[in-house]
Amino acid sequence: MLTAIHSELRNLLEGAVVLPGDAGWDEARSGFNLLLDQHPAAVAFPVDARDVAAAVAYARRARLRVAPQATAHNQGPLGDLEGTLLLNVSALQEVRVDAGAQRVRVGAGVKWDRVAPRLSAHGLAGLHGSSPDVGIAGYSLGGGMGWLARKHGLQANAVTALEIVIGDGQLVRVDARHHPDLFWALRGGGGNFGVVTAIEFAVHPVDELYAGALFFEFGRSSDVLHAWSSLLPTLPDELMSWASLIHFPPLPDVPAFARGRSFAVVMAAFLGTEAQGRDLLRPLRDLGPVRDTFATVPPVVLGDLAMDPYDPLPFHLTHANLDRLSGETIDELIAKIGPDSGRGPTVTMFQLRHMGGALARETPGAGARATLPGEVCMIALGAVMDEAGDAAVRAALAAVDAAVLPHRVGDYPNFIEVPADASGFFAPHVWARLRAVKAQYDPADLFAGNHHIPPAVPLQRAA
Ligand SMILES: Cc1cc2nc3c(=O)[nH]c(=O)nc-3n(C[C@H](O)[C@H](O)[C@H](O)COP(=O)(O)OP(=O)(O)OC[C@H]3O[C@@H](n4cnc5c(N)ncnc54)[C@H](O)[C@@H]3O)c2cc1C
């Protein structure tokens, strides 16, 4: 019966509509984390803004919620999507680069891999993160912490305009002068306010930079994390570095030298000369890496510097922002997941990103996600291959959480992969303003963003 009702949607859209039981249903509802299962009422693939508006209007009439999604890289917080129309915007593929104005306009389905190489060819760089496979819209709406973040801040605050279908089915253009409250809320408040169809943002002149990775024997993990952590206070905003412990799987798309091997790795991107960069990183290089890929490179190289996976995988992930990384915490982490922990490759990737710099400074006109708390961002991911592995990964990630707890100062919502109370992601006054904007633009709570922002409840007048 429900399926019969939702099949009406097919007549309204030029793009495909896939319903439970249809051939292609499993593919249509699939996401990036193979441990998770989305069960929406239907999946629609709009081909343009008109289609998006028609799908939103239909959902409102049919009493469905609407979850905008592009790559499903952050599907976990949405839960099972019961009673929800999943609006997959991946067909919105417009890309316009205005190199002279240092501005980009993309459709909401565009991933960084379609933009970063074009920018690089013009001597420009956007504020993308570790994976070119991530969608620009979802990344930007949640924050967006990339390789140039200590110098240029979050991608959300590089956004100059958005086009969005709101709850009444209207397509509106939003920028600093038009719907300024909505413009503020969208830059950090995620997909809670409507379905973004296009997004425009500023990019930066970067002809080349000094970037690469130092690979150390896994047995040196403790030395590497201690040396990296001691170095952080000396590093300028122009240098962003990440220290990781990585167990590379024995898969063909892993670089041959790393396949099936484990390393402590320090990756960095430096907006400066090779001589300066070498000087800044000397204490790490003095530890004797077994492989050193640093070179002066065009910005396109940043796309694959982190060697993130492209294919969906089954995983659990944990994350925290830390005020600092004390020597005792490093020792505890190494004891729990390091070479002698007995845990083997349970935590497939443990990563620490240096924050601070522009990430800690609110700029005039910034959006709801103006800054991120903490000096170090921790992410730990464990790939799960079977049931026994699931329990082992959960236990190892819990051990990581316990080790960093004394230094935990907050979260970065884009790295939260489970349903969570989003009020904890924002300062109280920011949260109150987000809820007020939600009440203004989506009082019926039609849109299900990955991290839910409920509309503010109107104050009851005394009789
Ligand atoms: C391998 C990997 C690497 C990553 N690296 C980084 C990194 O370096 N830095 C960083 O900051 N983050 C990183 N992330 C996190 C990433 O920013 C988030 O997962 C982000 O939400 C992904 O956006 P998406 O559109 O690709 O994913 P989706 O799951 O499709 O979207 C996530 C959410 O964004 C919103 N959204 C998406 N499209 C629209 C739209 N058109 N209209 C309205 N709302 C929309 C929705 O609320 C949606 O639930 C990484 C994630 C993965 C899996």
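In α8, Ser221, Ser222, Leu225, His226 and Ser229 meet Gly327, Ile330, Asp331 and Ile334 of α10. Sorted by class, the residues of this contact of α8 with α10 are three nonpolar, five polar and one charged. This is a predicted model. The two axes, those of α8 and α10, come within 10 Å and cross at roughly 155°. Angles over 145 degrees count as roughly antiparallel, so α8 is roughly antiparallel to α10. The crossing of α8 past α10 is right-handed.

Helix α8, residues 221-231, has a contact with helix α9, residues 274-285, as well. Here the axes come within 9 Å and cross at roughly 150°. The pair α8 and α9 is therefore roughly antiparallel. Their crossing is right-handed. From α8, the contact takes Val224, Ala227, Trp228 and Leu231. From α9, it takes Leu280, Pro283 and Leu284. What classes of residue make up the contact of α8 with α9? Seven are nonpolar, none is polar and none is charged.

Helix α10 covers residues 327-337, and helix α11 covers residues 387-404. Their axes come within 9 Å and cross at roughly 170°. That angle makes α10 and α11 roughly antiparallel, because the cut-off for this is over 145 degrees. On the α10 side, the contact is made by Thr329, Glu332, Leu333, Lys336 and Ile337. On the α11 side, Ala399, Val400, Ala402, Ala403 and Val404 take part. By class, the contact of α10 with α11 has seven nonpolar residues, one polar and two charged.

Next come the sheets. Strands of a sheet pair through backbone hydrogen bonds, either parallel or antiparallel.

Strand β6 spans residues 103-107 and strand β10 spans residues 195-202. The two run antiparallel and are joined by five bridges. Arg105 has Glu200 in β10 as its bridge partner.

Another open sheet has four strands, in the order β1-β2-β4-β3. Its pairing is mixed. The edge strands are β1, residues 17-18, and β3, residues 65-69, and each pairs on one side only. Strand β2, residues 42-44, pairs with strand β4, residues 84-88, in the parallel sense over three bridges. Ala42 stands opposite Leu85 in β4. Helix α3, residues 49-61, packs on the sheet and touches β3 and β4. The direction of α3 makes about 175° with that of β4.

Finally, step back to the whole chain. How many helices and strands does the protein have? Its secondary structure comes to 12 helices and 20 strands. The radius of gyration is 22 Å, close to the 23 Å that the globule rule gives for 463 residues, so the protein is as compact as a globular protein of that length. Along its principal axes, the C-alpha trace spans about 65 × 50 × 50 Å.

Note on methods
Residues numbered from 1 in each chain as written. Predicted model: local features only at pLDDT ≥ 70, side-chain atom pairs only at ≥ 80, totals over all residues. Heavy atoms only, no water. Pairing = 2+ DSSP bridges. Axes fitted to C-alpha atoms, helices over the stretch in contact; angles between N-to-C directions. Parallel < 35°, antiparallel > 145°, perpendicular 65-115°, else oblique. Left-handed = near helix turned anticlockwise from the far one by under 90°. Contact = heavy atoms within 4.5 Å. Nonpolar A, V, L, I, M, F, W, Y, C, P; charged D, E, K, R; others polar. Rg over C-alpha atoms; globule rule 2.2 N^0.38 Å.
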